[in-house]
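Please read the following note alongside the sequence and the three-dimensional structure.

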Amino acid sequence: MKKTELKIKVTELPENRISVEIEVPAARCKSSYDEALSRLGRSIQLPGFRPGKVPKPVILQQIGVARIKAAALEKLIDRAWKEALVQESLEPSSEAEMKEELQTLVDRFRPDQNVTFSLQAEVVSKEKQRGIQLGITT
């Protein structure tokens, strides 16, 4: 996947939670969609076609665009989240939760356009982080 920059905005929320808004460039969206189409195409078995040789229009007809978009988004969100954690030096203490339903995101996802989504997670409090750091350095 091409390394084009993510736009990341971190907002602190009450109770040691953060909201991370991530904007993924269109190039990454397209790459993720093509990858999902290819991956699902290799797994489909249809009479008259060798495994992995089913044409894209047939794959789209058999699997459906929504399922391909969902598969593309799942990978895209996972990769973007991991990259955002590293880029922003975040240490969540809980699993990230989508701010909106995945289906809503699937409905508005266009592989040739940027996509923006928000995730929320709990983080280690700053006091606890300082205590952990002090414990490590002594």
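1. Basis of the note. The structure is a predicted model, in which local features need pLDDT of at least 70 and side-chain atom pairs count only at pLDDT 80 or more, while totals for chains, interfaces and linings use all residues. Residues are numbered from 1 along each chain as its sequence is written, and side-chain values use heavy atoms, with hydrogens and water left out.

2. Overall fold. The protein chain contains 5 helices and 4 strands. Both kinds of element are DSSP runs numbered from the N terminus: helices are H or I with at least four residues, and strands are E with at least two. Read from the N terminus, their order is β-β-α-α-α-β-α-β-α.

3. Of the 138 residues in the protein chain, 37% are buried. Buried denotes under 20% relative accessible area, exposed over 50%, and partly exposed the range in between, with a 1.4 Å probe and protein chains only. A contact requires heavy atoms within 4.5 Å. Among contacts between residues at least 6 apart in sequence, 67% join residues at least 24 apart.

4. The nonpolar core. The largest nonpolar core has 37 residues, and those with the most contacts inside it are V20, I22, V24, I68, F109, V115 and F117. Such a core is a set of buried Ala, Val, Leu, Ile, Met, Phe, Trp, Tyr and Cys residues joined through side-chain atoms within 4.5 Å. Two or more residues of this core come from each of β2 (17–24), α1, α2 (56–63), α3, α4 (102–108) and β4 (115–122). The largest share, 11 residues, is given by α3. Leaving aside residues up to four places away in sequence, I68 touches Y33, A36, L37, L40, I59, L60 and I63.

5. R28 and E83 are both buried.

6. Where do R39 and E35 stand relative to each other in helix α1? They are separated by about one helical turn because they are 4 residues apart in that helix. Their salt bridge has its closest N and O atoms 3.6 Å apart. R39 is partly exposed at 28% relative accessible area, and E35 is likewise partly exposed at 28%. A network of salt bridges links E35, R39 and R79. Another salt bridge brings together the side chains of R108 and E100 (2.5 Å, N to O); R108 is partly exposed at 40%, and E100 is partly exposed at 24%.

7. The second largest pocket. The lining of this pocket includes E74, I77, D78, W81 and P92. A pocket is an open set of points on a 1 Å grid over the protein atoms alone where a 1.4 Å probe fits, with protein on both sides within 12 Å along at least five of seven lines; lining residues have an atom within 4 Å of a point. The largest share of the lining, 4 residues, comes from α3.

Note on methods: A salt bridge is a side-chain nitrogen of Lys or Arg within 4 Å of a carboxyl oxygen of Asp or Glu.
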